[in-house]
Amino acid sequence: MSRGTEFVLRHLGELEELAEEVLTAKQQIVDLDKKRNQNREALRALQNKRKASSKESKEWVCFGNTFLKLPHCKTEEMLKEDQKQLDTEIEKLRDELKPKVKRLRDMEGLPDVKGFDLKSLTKEEALAIHR
Amino acid sequence: MHSAVQVPISTLRGVMATDTAQKVQEVRQVTRIERIGAHSHIRGLGLDDALEARQTSQGMVGQGSARRAAGIILEMIKEGKIAGRAVLIAGQPGTGKTAIAMGMAQALGQDTPFTAIAGSEIFSLEMSKTEALTQAFRRSIGIRIKEETEIIEGEVVEIQVDRPASGTGVKVGKLTLKTTEMETIYDLGTKMIESLTKEKVQAGDIITIDKATGKVTKLGRSFTRARDYDAMGPQTKFVQCPEGELQKRKEVVHTVTLHEIDVINSRTQGFLALFSGDTGEIKTEVREQINAKVAEWREEGKADIVPGVLFVDEVHMLDIECFSFLNRALESDMAPILIMATNRGITKIRGTNYESPHGIPLDLLDRLLIISTSEYSEKEMKQILKIRCEEEDVEMSDDALMLLTRVGIETSLRYAIQLITTANLVCRKRKGQEVEVEDIKRVYSLFLDESRSTQFLIEYQQEFMFSEKGAGESESMEVA
C-alpha cells in the first residue's frame with residue numbers, strides 16, 4: 001500500500017472511531033435520562049404512598065430478575081443515591097461531548113462552532129441583554 | 001421599498017426570551033435590504049480563494065483592483081486584525097462604491113454586525129450629531145455570549161387536572177410527556193398547573209419547561225396530531241416530536257450589538273424602543289457601565305467581542321465636528337472598522353472654508369486606506385445591465401441591450417438602469433414578450449437624462465421662474 005492510501009485509511013478510521021464515540025455518548029445520555037425519569041417516578045410513588053398511610057411498610061424492589069422486599073426508608077435512600085449518581089454521570093458525559101464534537105468537526109474540515117467554548121452568563125447577567 | 005418594521009413586530013408577541021437577539025438581527029437584516037435596494041443583486045465580492053477578482057461573479061462586474069483591495073481588508077476583518085481602522089472608497093458617481101461596501105457586508109456573513117448609514121442621516125433635531133455617530137458605532141460592535149438552561153422538552157401525551165370537590169383548595173394533576181425515546185409522568189403542583197393552563201397546553205402540544213424558573217413555552221403541535229381538527233388557526237405551527245432525552249441542557253449562543261444593550265439598559269427607553277426606532281439619546285454613564293461590564297465578561301471568558309463594520313455613504317456630508325469625533329472614536333479599543341464612500345474630488349470640508357481632497361480633513365485622511373474605483377468599460381456596463389435585467393425579471397433582446405449599453409455610455413449607468421424598469425412597462429403595455437429596441441427608444445424620449453435636461457434648461461431659461469439669467473424679461477413668464 002502506498003503511503004497516501006495508508007494515510008487516508010488511518011484518517012478515516014480515526015474519524016469513524018470518533019464519530020462512534022460521539023454517538024455512543026449521546027445514546028448513553030438518553031439511556032441515563034430514561035433511568036433518571038423512572039427513578040423519579042418511583043420516588044414520587046413512594047412519597048405518595050407514605051402520605052396515604054403513616055404506617056412503616058416494606059416495598060417490593062426489582063433487581064434484574066429477582067424481587068426483594070425492602071424497608072420503605074431504605075428503598076427511598078437507595079433511589080436518591082442512585083439519582084445523584086445519574087445526575088453527575090449525565091453532567092460528565094455532556095461536558096465530555098463538547099470537545100469530542102469539536103475534534104470531530106475539526107477532522108471533517110468543518111469550521112468551529114463559534115461561541116460554544118464561552119462560559120455561559122448567569123441569569124442576572126442575561127437580564128442586561130434582554131428582558 | 002420593503003416594509004422594514006412590520007415583519008419583526010408582528011412576530012414580537014409571545015417570543016421566547018432567548019429568541020430576542022435573533023429577532024433583533026432580523027430587524028437589521030431587513031433594513032439592510034431596504035436601504036441599498038439598487039444593489040440587491042450583489043451577493044458578495046466575487047473573489048476566488050486566492051483573493052483574485054473574477055470578472056463577473058456574485059453580481060459584481062469589473063472594478064478588479066478595488067475588489068481585490070476590499071477582499072484583503074475583508075480578510076483582515078475576519079481575522080480581527082484591523083479593528084479601529086478606516087477605509088475610504090473613492091470614485092466617480094455610479095462606479096460601484098456602494099456595491100463594493102454591500103459586497104463586503106454580504107461576504108462577512110450573518111455573525112458580523114454591519115451598519116450602513118448615509119452621511120446626511122446623522123443630522124437630526126432629536127439627537128446631536130455625535131450621539132448619532134456614537135450609536136452607529138455601537139451598532140457595529142457585536143458581543144457574542146452564551147446562555148445555558150436546563151429544560152424539559154417533550155410532547156404532551158396527556159394532561160390531567162383534579163379539582164378538589166369543594167371547588168377551592170389545592171389542585172393536583174399529572175402530566176405525561178414523551179420524546180421519541182421515552183415517556184414519563186410528572187406530578188403537578190398548583191403553580192405548574194396554573195402556568196400550563198395559562199399557556200393553554202393540551203395533549204399533542206410540544207412544550208418546553210425551564211427547570212430553573214418553571215416557565216412553560218409552547219413550541220407548537222405535534223405532526224402526528226395534524227389531522228385532529230379540520231379547522232385550525234393560521235398560527236398553528238406543527239413540529240416534530242423531540243428526540244433523545246427529556247431533560248436537556250440547552251445552550252444558546254447569540255450576538256447582540258452594544259447599541260442593543262445600551263437601549264435595553266437605559267431606563268427611560270426600555271425594550272420597546274429597539275423596535276420603534278425612537279431611541280433618543282443615551283447617557284454616557286450607562287455606556288460606561290456597559291463597557292465595564294462587557295470588559296469584565298471578556299476577562300472571565302463569558303463574552304467575545306465581534307468588531308463589525310460601519311459603512312458611511314456620502315461621507316462628504318459630514319462636517320468638521322463629525323470628522324474630529326471620528327478621529328477620536330477610531331482610537332477607542334472597541335471601535336469597529338469604518339468604511340466610508342465619497343464621490344467628491346477636492347472640495348470644501350463642510351463647516352469650514354478649507355478645501356481638502358474628498359472633502360475630508362487631512363489628519364483623518366492620513367489614517368485611511370484608500371480604495372479607488374474607476375469608470376466601467378462598455379463590456380462591463382453591458383454585463384451589469386444584463387444582471388439588473390435578471391434581477392428585475394425583465395426579458396430583453398440582444399439589440400435592445402446593446403442600445404441600452406450605448407445609452408449608458410453616453411449618459412450614465414444609473415440612467416440606463418432606470419430605463420430597464422420603465423421600458424419593461426412599455427413592453428408589457430404593447431403585450432410584448434421581451435423588451436425591444438423600440439421600447440428603449442420610447443422611454444428614452446419620454447424620460448430625460450441629466451445632460452438633456454440641462455440642455456433643455458439652458459434653451460428655455462427665460463420661461464422658468466426666478467431665472468437669474470436674463471432677469472429683466474421675467475415679467476412675461478409668470479403669465480406663462
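The dialogue below takes up several features in turn.

Mentor: This is a predicted model, in which local features need pLDDT of at least 70, side-chain atom pairs count only at pLDDT 80 or more, and totals for chains, interfaces and linings use all residues. Residues are numbered from 1 along each chain as its sequence is written, while chains are lettered from A and ligands numbered from 1 in the order in which they are written.

Trainee: How many helices and strands does chain B have?
Mentor: Helices (H or I, at least four residues) and strands (E, at least two) are DSSP runs, numbered from the N terminus. Chain B has 17 helices and 17 strands.

Trainee: What share of the residues in chain B is buried?
Mentor: A residue is buried if 20 or more other C-beta atoms lie within 10 Å of its own, exposed if 12 or fewer, and partly exposed in between, with C-beta atoms placed from the backbone. In chain B, which has 480 residues, 34% are buried.

Trainee: At what angle do the axes of H1(A) and H2(A) cross?
Mentor: Axes are lines fitted to C-alpha atoms, for helices over the stretch in contact, and angles run from 0 to 180 degrees between N-to-C directions. Helix H1 (residues 3-52) and helix H2 (residues 72-107) of chain A have axes that come within 8 Å and cross at roughly 160°. Angles under 35 degrees count as roughly parallel, over 145 as roughly antiparallel, 65 to 115 as roughly perpendicular and the rest as oblique. H1(A) and H2(A) are therefore roughly antiparallel to each other.

Trainee: Which residues of chain B is A:Ser120 in contact with?
Mentor: Two residues are in contact if their C-beta atoms, placed from the backbone, lie within 7 Å. Neighbours within four places in sequence aside, A:Ser120 is in contact with B:Lys146, B:Glu147, B:Glu148 and B:Glu251. A:Ser120 belongs to strand S3 (residues 120-121) of chain A and is partly exposed, having 18 other C-beta atoms within 10 Å.

Trainee: How many residues does each chain give to the contact between chain A and chain B?
Mentor: Chain B gives 32 residues and chain A gives 20 residues. Among the elements of chain B that give two or more residues are strand S5 (141-162) and strand S11 (247-257).

Trainee: Where does the record place a coiled-coil region?
Mentor: UniProt positions are given in the numbering used here, feature names are shortened, and annotations may be inferred rather than shown by experiment. An unreviewed UniProt entry lists residues 15-96 of chain A as "coiled-coil region". In the model, that span is 77% helix and 15% strand, and its end C-alpha atoms lie 17 Å apart.
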